[in-house]
Amino acid sequence: MLDLHIGIDDTDSPRMGCTTYVAALLVEKLNDLGARFVDYPNLVRLNPNVPWKTRGNGALCLRIQLKKSLLDKVKELTIDTVEENADLEYEGTDPGIVFFTGMKIPEELKIFAKNTIQGVVKFETALKLIKKFKAEAFGFKKCRGIIGALAAVGETLDGDHTYEIIAYRKPENYGKPRRLDVESVYKMDEATKPYTFNNVDPNTGRILITPRGPDPILYGIRGETPEIVKKAHEMVKALEPVERWVIFRTNHGTDAHLRRVESISQIKPHYPVIAKGTVSKPPRIVPRRHVIFAVKDETGEIDCAAYEPTGNLRKVARKLMVGDLVEVYGGVRPPSERNPLTVNLEKLKILKLAPHVSFSNPICPKCGKRMKSMGEGKGFRCKKCGFRSKELKKVAFVKERDLKEGIYVSDPRSERHLTKPLQRYGMEKSKAEVVLIDGWYGLQPILLEP
Ligand code: ZN
């Protein structure tokens, strides 16, 4: 028996397709051929901050065992399936496939994967590694997808991970409005939370499991275990036929893209960060209701932006004051003519609130009424008893802050695939014990006419 890892990336376009669907088709075909899956298909979201990303920037890896005699057949089948289902005519869709044989994934490939999730890698680096580890790569057109395909092979999801069950539509329904029983989604959410996440936007009640757009996905449900996403899937009533479903193991909701930097001077464009600093410029609202503030440490200062769709996060950012000690989480936008290097906030942790010191006029020592100012440096006068004083000063007092220390996350509707939602805090996994459950993938049964 042979261990084979098949990485695939960049088959879709904004107008059609989805690389998870190519993987779902291959799951069925490879099983039929006699391959044995040793893991759920891995769905690995790569750095959402690179300028050339694919739509969801998700790459796939199938990890199987097979008879050596089947190897050529499996490769051929994979290449054909990608070719048939990729949007090859679309400029910017540059599919890549990587085959790697061997039980253990080399450490260097794991590091390459981390760098692809957290930063920017070079195409040449991918090619060098493919050569070094005798992997095999196939690319279409500009072959950019080879980077993501290799990264998917290298990301073994040994640390924190989650699951997503994806149900696919029948091709004749692509592009039409998705039909689901909304009530069944609310019920599913109630019954499975907090072990599933981002089903419904709690603020608006909007269903979040259905994507928008022409892709083949009817819905995707994310959760902590394969069992819970399967259960959730069984509770959702689709009002259109489901062609097939597959459970994926993913890095969704794990913050895998964020890397902590030691100092603000280390923040680079396109490398998502967690950075600590003190608020140095108060929040201001810019057109389109975005909130901008700055943080600094002894090495530098950086702008941070909370965009309007981040909802609650934007509201919290507005209440920051100079002197607050915070941690900012998010992607980094390169400087432009109009804006400096900026962290696009996904999360904000308030470590220590600065005291809000305010001043008021003194109390009249004669009658106890609050006095009036007679103007800058001219002292105070009591309106009630007429007492005047040049010696009395304004009194400082600490105002209560309308903000609490703690972590704040953007609203689910604007949450990125990779952003860890609040409810996952404390549920992080430190290892992977993969057991494929019954019915981890399936096809809509074909009903035969009697
Ligand atoms: Zn008085």
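Predicted model: local features only at pLDDT ≥ 70, side-chain atom pairs only at ≥ 80, totals over all residues.
Me: Which residue just after H1 takes a positive phi?
Reply: That's Gly 34, with a phi of about 105 degrees.

Me: Thanks. Back to Gly 34: where is it found?
Reply: Gly 34 sits in the loop between H1 and strand E2 (36-37). With 46% relative accessibility, Gly 34 counts as partly exposed; buried means under 20% relative accessible area, exposed over 50%, and partly exposed in between (1.4 Å probe, protein chains only). The C-alpha atoms of Gly 34 and Leu 70 are separated by 8.6 Å, and the two residues are 36 apart along the chain.

Me: And H1 itself, how many of its residues are buried?
Reply: 11 of its 15 residues, which leaves H1 mostly covered. Among them are Tyr 21, Val 22, Leu 25, Leu 26 and Glu 28.

Me: How far apart are the end C-alpha atoms of H1?
Reply: They are 21 Å apart, which agrees with the 21 Å that the 15 residues of H1 (residues 19-33) should span at 1.5 Å a residue. The expected span is 1.5 Å times one less than the number of residues.

Me: Let's switch to the metal. Which residues coordinate the zinc ion?
Reply: Cys 364, Cys 367, Cys 382 and Cys 385 do, each through SG, at 2.3 Å. Donors here are N, O and S atoms within 2.8 Å of the metal (3.2 Å for Na, K and Ca); water is not among the atoms, so sites may look incomplete.

Me: Why is the arrangement tetrahedral?
Reply: Because the 4 donor atoms around the zinc ion subtend angles of 100 to 123 degrees. Four donors count as tetrahedral if all angles lie between 85 and 135 degrees; four count as square planar and six as octahedral if opposite donors are over 155 degrees apart and all others between 65 and 115, and anything else is irregular.

Me: How are the donor residues spaced in sequence?
Reply: The spacing is C-x2-C-x14-C-x2-C.

Me: Zooming out, what does the domain assignment give?
Reply: Domain 1 (2-154), domain 2 (162-255 + 427-442), domain 3 (259-353 + 401-417) and domain 4 (356-399). These bounds come from an automatic or database domain assignment.

Me: How many residues of domain 2 are in contact with domain 3?
Reply: 10 residues of domain 2, against 6 residues of domain 3; contact means heavy atoms within 4.5 Å. The two domains bury about 690 Å² between them, 39% of it on carbon and sulfur atoms. That buried area is the accessible area (1.4 Å probe) that two parts lose on being put together, summed over both. The C-alpha centres of domain 2 and domain 3 lie 31 Å apart.

Me: Now loops. What does Glu 155 touch?
Reply: Leaving out residues up to four places away in sequence, Glu 155 touches Asn 42, Val 44, Arg 63, Ala 113, Lys 114 and Ile 117. Glu 155 lies in the loop between helix H5 (145-154) and strand E7 (162-169) and is buried, at 8% relative accessibility.

Me: Which residues does a cis peptide bond join?
Reply: Lys 193 and Pro 194, with omega about 5 degrees. Pro 194 is in the loop between helix H6 (182-192) and strand E8 (196-197).

Me: Last one: what phi does Asp 255 have?
Reply: A positive one, about 60 degrees, although Asp 255 is not a glycine. Asp 255 is buried, with a relative accessible area of 12%, in the loop between strand E10 (242-250) and strand E11 (259-260).

How values were computed: Residues numbered from 1 in each chain as written. Heavy atoms only, no water. Helix = DSSP H or I, 4+ residues; strand = E, 2+ residues; numbered from the N terminus.
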